[in-house]
Amino acid sequence: MRDDPTVNLTDLVTAAPAERAVLWRLTGSPQLLANLVRLPAGDTVGEHRESSLDVLLLVIDGGGTATVDGHRHELTAGTLLLLPRGASRALHAGPTGLAYLTVHRHRAGGLQVGRPPGGHPR
């Protein structure tokens, strides 16, 4: 994983193996945290909740779906989606996989995955 402050995200996605991974992370900012994540075809990020932070998700490559508080959103390269704090969310990679960038306010301890409403952590 790289943590350079300047990077071509498309080049990183193209050069990396098609497996689940964090391909890049912005760690040098005291205010922002960003992660470039790849999910292989058919992989999921199970339903969870982030109770403290709004998160911006930008699709870099591939596609899939996001479900936010029960509403399904189609994801394709270039899609920008707000994941509001407190909202239940889940991701599913489509047949070509999904590579996306998340950006949120930095906080000590990073993101905390919580329980979905009435559910168990995944």
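Visitor: In which element does Glu47 lie?

Guide: Glu47 lies in strand E3, strands (E, at least two residues) and helices (H or I, at least four) being DSSP runs numbered from the N terminus. The model is a predicted one, in which local features need pLDDT of at least 70 and side-chain atom pairs count only at pLDDT 80 or more, while totals for chains, interfaces and linings use all residues. Residues are numbered from 1 along each chain as its sequence is written, and side-chain values use heavy atoms, with hydrogens and water left out.

Visitor: Why is Glu47 called partly exposed?

Guide: Buried means under 20% relative accessible area and exposed means over 50%, with partly exposed in between (1.4 Å probe, protein chains only). The relative accessibility of Glu47 is 26%, and therefore Glu47 counts as partly exposed.

Visitor: What makes the approach of Glu47 and Ser88 a polar contact?

Guide: A polar contact is a pair of N or O atoms within 3.5 Å; within protein, one of them must be able to donate a hydrogen and the other to accept it, and residues adjacent in sequence count only if both atoms are side-chain atoms. The side chains of Glu47 and Ser88 are joined at 2.5 Å, and so the pair is a polar contact. The C-alpha atoms of Glu47 and Ala90 are separated by 4.3 Å, although these residues are 43 apart along the chain.

Visitor: What makes the meeting of Arg20 and Asp43 a salt bridge?

Guide: The term asks for a side-chain nitrogen of Lys or Arg within 4 Å of a carboxyl oxygen of Asp or Glu; the N to O distance for Arg20 and Asp43 is 3.0 Å, and therefore the pair is a salt bridge. Arg20 is in the loop between helix H1 (9-15) and strand E1 (21-26), whereas Asp43 is in the loop between E2 and strand E3 (44-49), so that the bridge, by the element definition used here, links distant parts of the chain, 23 residues apart.

Visitor: Why does Asp43 count as buried, and why does Arg20 count as partly exposed?

Guide: Asp43 has 18% relative accessibility and so counts as buried, whereas Arg20, at 47%, counts as partly exposed.

Visitor: How many salt bridges does the structure hold?

Guide: The structure holds two; one of them joins the side chains of Arg72 and Glu74, at 3.2 Å from N to O. Arg72 and Glu74 are both exposed.

Visitor: How do you know that Arg89 has no salt bridge?

Guide: For charge, Lys and Arg count as positive and Asp and Glu as negative, with His and the chain ends not counted. The nearest side chain of opposite charge to the buried Arg89 is Glu50, and since this is 6.5 Å away, Arg89 has no salt bridge. Arg89, whose place is in strand E7, does reach the backbone oxygen of Ala87 with its side chain, at 3.0 Å. Contact means heavy atoms within 4.5 Å, and, leaving aside neighbours within four places in sequence, the contacts of Arg89 include Glu47, Glu50, Leu53 and Leu83.

Visitor: Why does Glu50 count as buried?

Guide: Glu50 has 2% relative accessibility and so counts as buried. Glu50 sits in the loop between E3 and E4, where its side chain reaches the backbone nitrogen of Ser52 at 2.6 Å and that of Leu53 at 2.7 Å.

Visitor: How do you know that E4 and E5 pair?

Guide: Two strands pair if DSSP finds at least two bridges between them; six bridges join E4 to strand E5 (residues 71-76), and therefore these antiparallel strands pair. Ala66 stands opposite His73 in E5. In this hairpin, which has two residues between the strands, Asp69 takes a phi near 50°, a positive value in a residue other than glycine.

Visitor: Which residues have the most contacts inside the largest nonpolar core?

Guide: A nonpolar core is a set of buried Ala, Val, Leu, Ile, Met, Phe, Trp, Tyr and Cys residues joined through side-chain atoms within 4.5 Å. The largest has 16 residues, and those with the most contacts inside it are Leu39, Leu75, Leu91, Leu98 and Tyr100. Strands E2 (32-39), E4 (55-68), E6 (80-83) and E7 (88-105) each supply at least two residues of this core, and E4 gives the most, with five. A second, separate core of twelve residues includes Leu12, Leu26, Ile60 and Leu101.
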